[in-house]
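Hi everyone, thanks for coming. I'd like to walk you through a structure that may be new to you, so let's get it on the screen.

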Amino acid sequence: MFNHFNKISKEYFTYKNSISYQNIYTEISNQINPIIKNKNILDIGSGGNIFYNYNLANKLYALDISENMLKNLNNSKITKLIQDARDLSNIKKGSVDVVLMIFAIHHINGPDYKSTIRSLQKVLSEANKVINTKGEIIIVELTLNDFFYLLQRLIYKITFKILNIFKTDMVFFYSKKIIEEGINSIGIKTKVTVIDLKMSGWLDPCLGTFPGIIKIPAFMMPTQLRFFYLKKNN
Ligand SMILES: C[S@@+](CC[C@H](N)C(=O)[O-])C[C@H]1O[C@@H](n2cnc3c(N)ncnc32)[C@H](O)[C@@H]1O
C-alpha cells in the first residue's frame, strides 16, 4: 500500500537534523523528560524520531503507520508497532502511563473536514482507552489561529485534491480550540494545560509534505508550537 512517509523518510530525517529543529526538540524534551520517568510510554506517530530521553522511561512503544520511519529504531526498551493510530485495540487497556503525539495529529486525517475531525476524536478516544486511571496524554502540535484555521478549512477539499495529484498525504493543522474540543469530546474530566513553546531559526513549513523545498524564519511561520498536557483523574 502507498505510504507517504515511507517515500519521504530519508529527506524528513535529513532536514529534521538541522540546528533549528534540534533547538525545538530540546524545548519539547525539557517538558517531556520529567513526565516519562519510570513510566510505560506510547509514542503515536513516533516517526522513529525519539529525541527525548527514553532511557528514563520503563518501556516505550513507538507506533507509526510508516514502516520506513521506524526502521532505524533498535533498542531493547523500544517495541515497534506499525499500525494506524485510529485503532489501538491490540494494546491492552490501561497498560500505558503516558501517550505522546508529537507533530502527528495534523497527518491523521481524511478526505474531508468532517472525517478529519472524526479522526482526531478517534485517536484521542483510543489513547484514552489504553492509558490507566491516572494516565497522561501529551500533544505537541503546530496550531493555527482562528482566521487561518477557517481559511484552511474552507480550502480543505481543493488542498486534498492538489496533494493527491502529487501523491502526497493531506496535512491539516488544528487550532488550540479544536484540539481542546477534541479532548473534551472523549469525556476525560480534567483541565488541559497548554504551554506555548518557542520556535527559532529557519524552518521548513512544508516538512511533512515536500521536505527541503522552502525555508523561512521561525517568526514568519503561520503556526504556534503548543504543548497540550492532561492527566486523567477518573
Ligand atoms: C511529522 S511526522 C512526526 C514524527 C515525529 N513524532 C517527530 O516529531 O519528528 C508524523 C508521523 O505520523 C505518522 N502517521 C501518519 N498517519 C498516521 C496514522 N494514521 N497512524 C499512525 N501514525 C501515522 C507518519 O508516518 C509520520 O511518521
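One term before we start: a residue is buried if 20 or more other C-beta atoms lie within 10 Å of its own, exposed if 12 or fewer, and partly exposed in between, with C-beta atoms placed from the backbone. Also, this is a predicted model, where local features need pLDDT of at least 70 and side-chain atom pairs count only at pLDDT 80 or more, while totals for chains, interfaces and linings use all residues. Residues are numbered from 1 along each chain as its sequence is written.

When I say helix or strand, I mean DSSP runs, numbered from the N terminus: helices are H or I with at least four residues, strands are E with at least two. Two strands pair if DSSP finds at least two bridges between them.

Okay, the sheet. There are 7 strands in an open sheet, ordered S3-S2-S1-S4-S5-S9-S6, with mixed pairing. At the edges sit S3 (78–82) and S6 (193–196), each of which pairs on one side only. On average, neighbouring strands here are turned by 15 degrees against each other, ignoring direction. Those angles come from axes, which are lines fitted to C-alpha atoms, for helices over the stretch in contact, and they run from 0 to 180 degrees between N-to-C directions.

Let's look at S1, residues 40–44. Buried or exposed, what are most of its residues? Mostly covered: 4 of the 5 are buried. S1 pairs with S2 (residues 59–64) in the parallel sense, over 5 bridges, and there Asp-43 has Ala-62 in S2 as its bridge partner. S1 is also joined to S4 (residues 96–102) by 4 bridges, again running parallel, with Leu-42 opposite Val-99 in S4.

Now over to S6. S6 and S9 (residues 224–231) run antiparallel and are joined by 4 bridges. Ile-195 stands opposite Phe-227 in S9.

On to a pair of helices. The axes of H4 (residues 113–130) and H7 (residues 176–185) come within 9 Å and cross at roughly 50 degrees. So what do we call that? H4 and H7 are oblique to each other, because angles under 35 degrees count as roughly parallel, over 145 as roughly antiparallel, 65 to 115 as roughly perpendicular, and the rest as oblique.

His-106 lies in the loop between S4 and H4, and His-106 is buried, with 21 other C-beta atoms within 10 Å. The C-alpha atoms of His-106 and Thr-143 are separated by 9.3 Å, though the two are 37 residues apart along the chain.

Asn-38 is in the loop between H2 (19–36) and S1. Asn-38 counts as exposed, having 9 C-beta neighbours inside 10 Å. Its phi is positive, near 60 degrees. Most residues other than glycine have a negative phi. Lys-167 is not a glycine either, and has a positive phi of about 50 degrees. Lys-167 sits in the loop between H6 (156–165) and H7 and is exposed, with 9 other C-beta atoms within 10 Å.

Last stop, the ligand. A residue is near a molecule if its C-beta atom, placed from the backbone, lies within 6 Å of it. Which of the 19 residues around the ligand come nearest? Phe-5, Gly-45, Gly-47, Asn-49 and Ser-66. That's it from me!
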